[in-house]
Amino acid sequence: MKEFTEKHHAFIAASFYKELVEIYGEQGEQAFIMATQRYAEQRGSRMAQRAIRDNKQLTFAVYREYGEWISSETLKREGAINQVEEVTYSPDYEIKILQCPWAEQFKKMNLDKAGIVYCSHLDKAIVRGFNPYLIFEVPQSMYEHECCIQIMKGADFKKEQKFIRSLENIKKFDYHCGHCYKTFKDITTAIFKINGEEIALKVLKNFAEEYGEEMAEVLLSYLNIDFNLI
C-alpha cells in the first residue's frame with residue numbers, strides 16, 4: 001500500500017465540499033466550514049493537551065513545537081512539499097506559503113473555491129483549539145494570489161529561533177486522513193441525516209476509486225477513534 005500523503009488528505013476535504021455544495025449550495029458550504037473547524041479544533045486541542053502534559057505554556061512558540069504533522073516522505077521525494085518564506089519575526093510572525101500540496105490537489109480537482117474556504121478556516125481553527133486567546137490571521141490564499149499569507153500576531157520570535165517537533169507527537173497521514181474523513185462524515189451526517197450518510201459513502205467510494213480499496217479501508221479503521229483526546 002502506498003503512503004498516505006497531504007494530497008490524500010486534501011482529496012477527502014475537497015470531495016466533501018464538492019458533494020455538499022452540489023446538493024445543498026450555501027447551506028452545504030456552511031456545513032463544510034463547520035466540519036473543517038471541528039476537525040481543526042480537535043487537532044489544536046490535542047496539541048495543547050500534550051503541551052500541558054509537558055508543563056508548557058500555550059504560546060505560539062509552543063504551538064510550533066507541538067504540531068502533529070511533518071511532510072510525507074513521498075512528497076519530499078517528489079519535491080512537492082510546502083515551501084515557506086519568512087517575512088517578519090517580531091512583533092508578528094508572518095510567512096508566505098509559495099507551494100502547497102493541498103492547494104495543488106484542490107486545483108487538480110478544479111475545486112479552487114473549496115481550497116479558499118478550507119484554508120480560510122483551517123489554521124485559524126487549529127490555533128483556536130490550541131489556545132483561543134492567540135490571534136492567527138490568513139489575509140490571502142494562493143488560490144487568488146501568488147501565495148498564501150499567514151500571520152501569528154504578537155508571536156515575537158527571533159530570526160535564529162528553532163522549533164523542534166518531537167517525533168512522538170507526530171502522526172502520519174493515515175491518521176490525519178482518518179481523522180478528516182470521520183469528522184466530516186460525522187458533521188455531514190448530523191446535519192443532513194441519511195443524505196449526509198450517503199454523501200460520506202460517496203466520498204469514500206470516490207476515494208477508493210482514486211487510491212484503491214485498501215486505502216479506503218484504512219479510513220474506515222479510524223471511525224471509532226476519539227480524536228478529541230491524545
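Predicted model: local features only at pLDDT ≥ 70, side-chain atom pairs only at ≥ 80, totals over all residues.

Mentor: Residues are numbered from 1 along each chain as its sequence is written, and side-chain values use heavy atoms, with hydrogens and water left out.

Trainee: Is Gln-150 buried or exposed?

Mentor: Buried means under 20% relative accessible area, exposed over 50%, and partly exposed in between, with a 1.4 Å probe and protein chains only. Gln-150 has a relative accessibility of 14%, so it counts as buried.

Trainee: With which side chain does the side chain of Gln-150 make a polar contact?

Mentor: A polar contact is a pair of N or O atoms within 3.5 Å; within protein, one must be able to donate a hydrogen and the other to accept it, and residues adjacent in sequence count only if both atoms are side-chain atoms. For the side chain of Gln-150, the polar contact is at 3.3 Å, and the partner is the side chain of Asp-123.

Trainee: Is Arg-50 buried or exposed?

Mentor: Arg-50 lies in helix 2 (residues 26–53); helices are DSSP runs of H or I with at least four residues, strands are runs of E with at least two, and both are numbered from the N terminus. Because its relative accessibility is 5%, Arg-50 counts as buried.

Trainee: What is the volume of the largest pocket?

Mentor: On a 1 Å grid over the protein atoms alone, a pocket is an open set of points where a 1.4 Å probe fits, with protein on both sides within 12 Å along at least five of seven lines; lining residues have an atom within 4 Å of a point. Grid points are joined across faces, edges and corners, and a volume is the space filled by probe spheres set on the points. For the largest pocket, this gives about 990 Å³.

Trainee: Which residues lining the largest pocket are the closest to its centre?

Mentor: The lining has 37 residues. The closest to the centre of the largest pocket are Trp-69, Asn-82, Ile-95, Gln-150 and Arg-165.

Trainee: Which element gives the largest share of the lining of the largest pocket?

Mentor: Strand 4, the place of Gln-150, is among the elements that give two or more residues to this lining. The largest share, five residues, comes from helix 6.

Trainee: What is the volume of the second largest pocket?

Mentor: Its lining has 14 residues, and Thr-5 is among the closest to its centre. The volume of the second largest pocket is about 290 Å³.
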